[in-house]
Amino acid sequence: MFSRILIANRGEIALRVIRACHEMGIEAVAVYSEADRDTSYVKLADAAVCIGPAAAAKSYLNIPAIISAAEVTDVDAIHPGYGFLAENAHFAEICGECGIAFIGPSPAAMRKLGDKVAARKLAQDARVPLVPGSDGPVANEAEAVKIANKMGYPVMIKAAAGGGGRGMRVAHNDISLHKAFGAARAEAEAAFKNGTLYLEKYIVEPRHVEVQILADKAGNAVHLYERDCTIQRRHQKLIEESPCPVLDERTREELCKSALRLIKHADYHNAATVEFLLDKKKNYYFIEVNTRIQVEHPVTEMVTGQDLIKWQIKIAAGMPLELRQRDIQHRGVSIECRINAEDPNRNFTPSPGRITTFMVPGGPGVRVDTYLCQGAVISPYYDSMVSKVIVHQPTREEAIATMKRALREFQIEPIKTTIPICLEILSHNLYVKNQVDTSFIERHLTNT
Ligand code: ADP
């Protein structure tokens, strides 16, 4: 087993990994930018190294600075968290070349699945149903129009290297496809330095359901059931839960097995999430694989009792996955709300600042993953998600009630957060009755 791990990330996920390390008797090394010098995760690490100024390009995305920090502190492994370098195959490769274990998949598997066009091909080979779409990349607007007319509108233009909803556009006819194609390409080029685009049929009013997988280096793999991430704002998840409340047992089993087939076919090890869309008729379609730990991993941990970060570390250290599929139980209902420092009344613009009042909820069934504390400063430089509230109860009704109670207790002053909108959703008739789809927030909530 490793004796020291560096966490190439910040905020709540850095703290989450530090906690797992400490419970496993492993020392944790934090890295931080000048803007994060005084944060809790830096204080709780066994050692910490400043890797550059606030701008992520110069710190958390600065590969030479991170590798130097790893060498100076003599770590055996690097955990990349999510975001930043987590899905950067080049970074994983450099770690390997420096004799440092990368806590994640091999660079080859990451490349295969990180390219969404290549991942669609793999899914097809593994007999996993996928969203109808172009066979590969779409070269230009004329070709896009041709494919869209064959497939039928509406269609979605997507970036092969996509993530975070960037490079994604819906088109309802030839004219809007022409317009959107150039914009999507420019956005993808700016965000990923890769303007490759492809087309998918736009699935109308779907739910987002994803399957958690763990696979070891010896070829053993299990699924840890599904998460439902239908509550999204502009294609970004806000509330997640497990199990998916509308899946029957047979579909659920098929979905989980499909995900497992794809991961096995990709010769993959470590944690992965296979994402699907579920249409009104409960048909599911593969959309992409995330080759890292997800923000919403705690809901799976709550219902299965498995610690996914510890499994990631064990697998990277070459230990066998001791879990058999039949050992993985699914108990109760878990919901997670993402607390973002954003102002819902100002179109969700970030709301950074110093926290003067901070009181976290607690009590039965409540888990809060956050790096914040009284006096902490929420920096304008990074993602606005500052906290996650996770609840676990025997039934969905009880989980909703516990989440509402927890969110009402949560005080983060004076910044604006997504707590009020999460509360509005949790009380909404359609959410309670499971009659939501991915456009629920835009269609049914005020001020969004
Ligand atoms: P990203 O990696 O940029 O987050 P995803 O492919 O994971 O993009 O899609 C994010 C969200 O966008 C999905 O959860 C869903 O709400 C929406 N979406 C993606 N593809 C489609 C599609 N073909 N039809 C309808 N909605 C889609």
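**Where domain 2 meets domain 4**

**View 1. Polar contacts across the interface.** Across the interface of domain 2 and domain 4 the rule finds twelve residue pairs in polar contact, both residues being at pLDDT 80 or more; a polar contact is a pair of N or O atoms within 3.5 Å, where within protein one must be able to donate a hydrogen and the other to accept it, and residues adjacent in sequence count only if both atoms are side-chain atoms. This is a predicted model, in which local features need pLDDT of at least 70 and side-chain atom pairs count only at pLDDT 80 or more, while totals for chains, interfaces and linings use all residues. Residues are numbered from 1 along each chain as its sequence is written, and side-chain values use heavy atoms, with hydrogens and water left out.

**View 2. Salt bridges.** The rule finds four salt bridges across the interface of domain 2 and domain 4, a salt bridge being a side-chain nitrogen of Lys or Arg within 4 Å of a carboxyl oxygen of Asp or Glu. Glu296 forms a salt bridge with Arg338, and their closest N and O atoms are 2.9 Å apart.

**View 3. The buried area.** Between domain 2 and domain 4 an area of about 2,400 Å² is buried, 57% of it given by carbon and sulfur atoms; buried area is the accessible area (1.4 Å probe) that two parts lose on being put together, summed over both. In domain 2, the residues that lose the most area to domain 4 are Arg233, Leu238 and Met302, which together make up 26% of what that side buries.
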